[in-house]
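Me: Here is a structure that is new to me. I would like to go through it in questions and answers.

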Amino acid sequence: MSFLSNAHTHTTFSDGKHTPEEMLAAAKQLGFVSLGFSCHGYQGFDFDYSMTKEGQREYQAAVRRLQAESLEDRTLPRVWLGIEEDGLTPRDWREQNRRELDYVVVSSHYLTRDYEGEPVYVDGLPERLRHYTNHVFDGDMMAMVQQYFDLHVQALLSMPVSIIGHFDLVRIYAKSHNLFDEHCKEYRRIALDALEKAFPCGGLLEINTGAIARGKREDPYPTPELLSAWHDMGGRITITSDCHDAKNLDFFFPEAVQLAKACGFKTAFRLGTGNELFEEVAL
Ligand SMILES: [Zn+2]
Ligand SMILES: [Zn+2]
């Protein structure tokens, strides 16, 4: 099947290459039934890549306008307003997000917002991640991994979640920069434990293909092992391209569908075409 929807879409309001209008035109071209926008929401720091409060307000207004258009003109994919919310976002703003947005993708991108005066990204510079791990954890990569998953699980359980963003993002440079062996028993145990702890958050786990499109990885998040475990727990999934460029809106989707099936899933959830936020579709 073709999934024909994407709930994880970035635009020029944060770090995407194209405007919401351009993204919607690309989605229409692909025959999408729905499209959700999820720019990096206000988080109180690191404004190079996330929105300011004012920026987020403008973004919300722009997407709401497109949403109204999509409800008028049924040849357009149904538009939904979301954001990608980092786990370190202040709580009062997270609460406000829940009131003003259709949905949230909750992701963790940082180990800390301040180490030597700068944030430490999991998906930033691998050398900085190594430097941080050497100094804070005496080089113990599994301690760094544990910190990432602890933060992510804490963020997921502290507020309602629509979509669980790139669950095991911490793998991003594991192989390419030889940070740790993602197939080793210890890493897999930490990741699986975290997934089990996160289950009660109730969010859809995304199969996220974004790192492949950007040449950072050859496989999506999360691993087949985690996906199979999620299936066995009774978890639900969606498929997203974490899209920063209109040409990649459905990148690697056929392969993601096959992966989901191989991990036991018969259905996945995509943004709806009517009033329901998500609809279940057969794979
Ligand atoms: Zn992200
Ligand atoms: Zn994203």
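Me: How are α5 and α6 oriented to each other?
Reply: This is a predicted model, in which local features need pLDDT of at least 70 and side-chain atom pairs pLDDT 80 or more, while totals for chains, interfaces and linings use all residues. Residues are numbered from 1 along each chain as its sequence is written, and chains are lettered from A and ligands numbered from 1 in the order in which they are written. The axes of helix α5 (residues 141-158) and α6 come within 9 Å and cross at roughly 10 degrees, with axes fitted to C-alpha atoms over the stretch in contact and angles running from 0 to 180 degrees between N-to-C directions. Angles under 35 degrees count as roughly parallel, over 145 as roughly antiparallel, 65 to 115 as roughly perpendicular and the rest as oblique, so α5 and α6 are roughly parallel.

Me: How do the residues of the contact of α5 with α6 divide by class?
Reply: From α5, residues including F149, V153 and L156 meet α6 residues, among them Y187, I190 and A194; contact here requires C-beta atoms, placed from the backbone, within 7 Å. Ala, Val, Leu, Ile, Met, Phe, Trp, Tyr, Cys and Pro count as nonpolar, Asp, Glu, Lys and Arg as charged, and the others, Gly among them, as polar. The division is 11 nonpolar, 2 polar and 2 charged.

Me: In which hand does α6 pass α8?
Reply: The axes of α6 (residues 185-198) and α8 (residues 224-233) come within 10 Å and cross at roughly 30 degrees. That makes the two helices roughly parallel. A crossing is left-handed if the near helix is turned anticlockwise from the far one by less than a right angle, and right-handed if clockwise. The crossing of α6 with α8 is right-handed.

Me: What is the order of the strands in the open sheet of 7 strands?
Reply: Helices (H or I, at least four residues) and strands (E, at least two) are DSSP runs, numbered from the N terminus. Two strands pair if DSSP finds at least two bridges between them. The edge strands, each pairing on one side only, are β1 (5-6) and β9 (237-240). With parallel pairing, the order is β1-β2-β3-β4-β7-β8-β9.

Me: Which residue of β9 is the bridge partner of E206?
Reply: β8 and β9 run parallel and are joined by 4 bridges. Helix α9 (residues 253-262) lies across both strands, at about 160 degrees to β9. The partner of E206 in β9 is T238.

Me: Are the residues I237, T238, I239 and T240 of β9 buried or exposed?
Reply: A residue is buried if 20 or more other C-beta atoms lie within 10 Å of its own, exposed if 12 or fewer, and partly exposed in between. I237 and I239 lie on one side of β9, with T238 and T240 on the other. Both faces are covered, and these four residues are all buried.

Me: Why is T9 counted as buried?
Reply: T9 sits in the loop between β1 and α1 (20-29). T9 is buried because the number of other C-beta atoms within 10 Å is 29.

Me: Which residue takes a positive phi in the hairpin of β5 and β6?
Reply: Strands β5 (residues 110-115) and β6 (residues 118-121) pair in the antiparallel sense over 3 bridges. Y115 stands opposite E118. The hairpin has 2 residues between the strands, and the one with a phi near 55 degrees is E116.

Technical notes:
Contact = placed C-beta atoms within 7 Å.
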